[in-house]
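Morning, everyone. I'll take the ligand, then the pocket, then the aromatic rings.

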Amino acid sequence: MKKTFLSTLTLAAIALSLPAAAQFAKPEDAIKYRKSAFTLTAAHFGRLGAMATGKAPFDAKVASDNAEIVANLSKLPWAAFGEGTDMGDTKAKAEIWKQAASFKEHSDKFQAEAVKLAAAAKTGKEDAFKAAFTATAGTCKSCHDDFRSK
Ligand code: ASC
């Protein structure tokens with residue numbers, strides 16, 4: 001049991017540190033991976049959004065659980081934006097690779113705000129949750145504005 005858990009952790013650590021090219025056999029695989037990660041992120045972020053905008057009642061446990069998932073998912077897509085993954089079934093703009101430092105800043109900002117959102121949700125305070133949700137949603141939007149085609 002313990003050994004399995006440690007192996008899983010080791011594998012996860014390796015997966016997060018491997019260069020993108022080593023993780024994905026084909027560019028389509030990388031594109032599919034990052035789109036899957038964003039699909040999951042949107043689903044869990046959407047549950048938070050429903051509560052943040054009053055479309056669903058605030059439930060501290062649901063908020064905390066989903067925000068934790070978003071914070072974890074926020075780490076995943078970036079390794080799948082390697083060279084050669086700009087073409088295909090993707091809305092990714094060429095600017096991602098042309099302005100790589102700016103794209104990295106945007107992705108770092110999202111990850112940082114997602115961690116703060118998870119922390120805010122954990123307090124169980126609705127106001128703190130809503131403020132952190134708004135801040136995080138702003139990082140989604142600004143990256144989409146610059147780096148995702150309509
Ligand atoms: C969501 C979602 C996004 C972001 C973005 C925030 O719920 O799916 O892409 O929020 O709309 O502006």
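Which residues are around the ligand? Here they are: Ala-42, Phe-45, Ala-137, Cys-140, Lys-141 and His-144. Keep in mind that this is a predicted model.

Let's look at that shell. By class, its residues divide into four nonpolar, one polar and one charged. Two elements give two or more residues to the shell around the ligand: α3, spanning 27–52, and α7, spanning 126–147. The largest share comes from α7, with four residues.

Now one specific spot. Go to Ala-137. A polar backbone atom of Ala-137 is 3.5 Å from an oxygen atom of the ligand.

How much of the ligand does the protein bury? Taken alone, the ligand exposes 310 Å². The protein buries 59% of that.

Next, the largest pocket. Its volume is about 580 Å³. It is lined by 23 residues. Closest to its centre are Arg-34, Phe-38, Phe-81, His-144 and Arg-148. Note His-144 there; His-144 is also one of the residues around the ligand.

Which elements give two or more residues to the lining of the largest pocket? They are α3, α6 and α7, with α6 covering 100–123. The most comes from α3, which gives seven residues. As for the classes, the lining divides into 12 nonpolar, seven polar and four charged.

Last topic, the aromatics. The structure holds 11 aromatic pairs. One aromatic cluster is formed by Phe-38, Trp-78, Phe-81, Trp-97, Phe-103 and Phe-147.

To recap: α7 gives the largest share of the ligand shell, while α3 gives the most to the lining of the largest pocket. That's my part done.

Terms used. Residues are numbered from 1 along each chain as its sequence is written. This is a predicted model: local features need pLDDT of at least 70, side-chain atom pairs count only at pLDDT 80 or more; totals for chains, interfaces and linings use all residues. Side-chain values use heavy atoms; hydrogens and water are left out. A residue is near a molecule or strand if one of its heavy atoms lies within 4 Å of it. A polar contact is a pair of N or O atoms within 3.5 Å; within protein, one must be able to donate a hydrogen and the other to accept it, and residues adjacent in sequence count only if both atoms are side-chain atoms. Accessible areas come from the Shrake-Rupley method with a 1.4 Å probe; for residues, only the protein chains shown count as cover. Ala, Val, Leu, Ile, Met, Phe, Trp, Tyr, Cys and Pro count as nonpolar, Asp, Glu, Lys and Arg as charged, and the others, Gly among them, as polar. On a 1 Å grid over the protein atoms alone, a cavity is a set of points where a 1.4 Å probe fits but cannot get out, and a pocket is an open set with protein on both sides within 12 Å along at least five of seven lines; lining residues have an atom within 4 Å of a point. Grid points are joined across faces, edges and corners, and a volume is the space filled by probe spheres set on the points. Rings of Phe, Tyr and Trp (its six-membered ring) pair if their centres lie within 6.5 Å; planes under 30 degrees apart count as stacked, over 60 as edge-to-face and the rest as tilted.
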